[in-house]
Amino acid sequence: MSRLRRYPMAVVGGLILGAVILAAAGAPLLSPADPIKPSFGKRLQPPRVLGGAPPYLLGTDNLGRDILARLLYGGRVSLALATSAVVLAAAVGVAVGLAAGVLGGRVDDLVMRVADVQLAFPVIMLAIAIVAVVGTSPGALVSVLALSGWVLYARTVRASVLTIRQLDYVEAARTLGASDLRVIIHHILPNTLAPILVIGSSQFATMVLLESGLSFLGLGVQPPQPSWGAMLAEGRDYLSNAWWLATVPGMAISLVVLGANLLGDGLRDLLDPRLRQ
Amino acid sequence: MRSYLLRRLGQAALTLAGVSLLVFVILRVIPGDPAKMLLPEGAPQSAVDALNRELGLREPIWVQYGIFLRSVIRGDFGQSFQYRAPALRVVAERAPATIQLALVAMLLTVLVGVSIGVLAAVRRGTGYDYAGTVLAVLGQSLPNFWLGIMLILLFGVTLRWLPTSGFQGWSYLVLPSVTLAAFPTALVARLTRSSLLEILGQEYIRTGRAKGLGEPAVIWGHALRNAMIPLLTVIGLQIGTLLGGAVITESIFAWPGMGKLVVDAIFFRDFPVVQTVLIISATIFVVINLLIDVLYTVLDPRIRYG
């Protein structure tokens, strides 16, 4: 705990992220309003701080839906998609990286070339092309997001395997008769855990951005299901008379991304002994 | 040196082959029957079969890939369904607007990013440093589509200082290029700061100071030159960020470039245009990063034999 105090940014990032996740998870408790059902009599109400009438804390959108409710339920979707994508990307990336590092040779060459190919495409361009073909179901979106993220883990794990394999204690374990699998599980994986954690928390930010970007373009979460990116896109048409429509969801995205970035940076400082002062 | 360049060239060629294979798999193998998309609706089955044979779609899949690869190398990317013109020509007409936007954004990224980074490193621990860090963290956290819309709200809708849509002159470049540059600028600023700080702690910097070099000569002449090497890699990788960011930025500002084109093409299911944009942007990325690797060998002789 005392070590954590030396990294206040990581704590702040973690708190921001935790608060947003809690709020999204508790959406039905925090906002009883329906995020999907329109009520045309109550269109474009301003937020309470701008003189709007209760019960709409953050006002209503162009179809008279409660913005707070849409924000919370939309957050659930965005955060769930991003989390699943990070987990899937990490699982695939770690497996592929281990295979490349341990098996070496042709497998290694193949994996690294595939990674080069993947990185040659702008992430969002590849994502929209694939989404256009496979559709926008949650499973498809998670796969597309994960596809953009596995390379980082694979490269990192592969590099650690190559370094760790040379170390004396791994040699010793092997001499004592430990199998490849045992060496991987007991000696190599624990050593790659720290970088994976750092990559994962920074990548969570990237995934939230990418998912909202897709939804913003109309190629992500589909209406009437609320999502931050789509709310922003809808709000774009009302900039002159209801600017909060586009402002509020953007603030939510920025907050999550900021939290995840701060946490990722802090974790890197905390876990990377070379950077520790 | 020669063998390093040859190996690097081979690697780039292999990557581009992989790029074509991936695009082929995504856009040619999965989405159903291209002949049906090319022909008018309700065309007789015999016409569909004939076109399929003509396009080679009855051949085994690897033969099809061969045909695809050959025509792409010849510059034949197929006909755009939407514009009824060669896809390559459609994309080429839109490319200059994107290149112009990306170049201005790149210029902003390097100028502003390196300046903030140098200032933060040289004045470490002062207000400049903290302000730079805050700016960099914000730049990396604000989604570019939101930043763009907020800039439109402030400078377009409220203040009415700048145009927010289309491309009819230099003033139209301001908001899109700032939007596009924000993220890479933040990254470059952070990286400049950290790699400059690392280098300022090195022995040869102390030697430089000890022999009486002025601070500007130390920073610009010695430290920054060495900090340029990791920086160049990251700047090279930002080409991808800029081309990807252009997709969203161009959609926000109705910028008539490749990014907006590809989004429109997706909604129109105009796959020949989509595949052309994908292949061209991947090629730009691979070629520029190849050039940067070659530039390294000029900047840092140690890499030549690596």
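In the predicted model examined here, 40 residues of chain A are in contact with 45 residues of chain B, contact being taken as heavy atoms within 4.5 Å. Residues are numbered from 1 along each chain as its sequence is written, and chains are lettered from A in the order in which they are written. Local features need pLDDT of at least 70 and side-chain atom pairs count only at pLDDT 80 or more, whereas totals for chains, interfaces and linings use all residues, and side-chain values use heavy atoms, with hydrogens and water left out.

The size of an interface is often given as the accessible area lost when the parts come together. Between chain A and chain B the buried area (the accessible area, for a 1.4 Å probe, lost by two parts on being put together and summed over both) is about 3500 Å², and carbon and sulfur atoms give 81% of this area.

Across this interface the rule finds 6 residue pairs in polar contact, both residues being at pLDDT 80 or more; such a contact is a pair of N or O atoms within 3.5 Å, where within protein one atom must be able to donate a hydrogen and the other to accept it, and residues adjacent in sequence count only if both atoms are side-chain atoms. The rule also finds 1 salt bridge between the two chains, defined as a side-chain nitrogen of Lys or Arg within 4 Å of a carboxyl oxygen of Asp or Glu. Asp265(A) pairs in a salt bridge with Arg190(B), with 2.6 Å between the closest N and O atoms.

On the side of chain A that touches chain B, two or more residues each come from helices H5 (105–120), H6 (123–134), H10 (180–216) and H12 (244–271) of chain A, helices being DSSP runs of H or I with at least four residues, and strands runs of E with at least two, numbered from the N terminus. H12(A) gives the most to this side, with 12 residues. For chain B, the secondary structure comes to 12 helices and 0 strands, and the C-alpha trace spans about 85 × 60 × 30 Å along its principal axes.

A cavity is a set of points, on a 1 Å grid over the protein atoms alone, where a 1.4 Å probe fits but cannot get out. The count comes to 3 cavities of 30 Å³ or more, and the largest cavity has a volume of about 50 Å³, a volume being the space filled by probe spheres set on the points, which are joined across faces, edges and corners.

Conventions: 1 Å grid on protein atoms, 1.4 Å probe; cavity = no way out; pocket = protein on both sides within 12 Å on 5 of 7 lines; lining within 4 Å.
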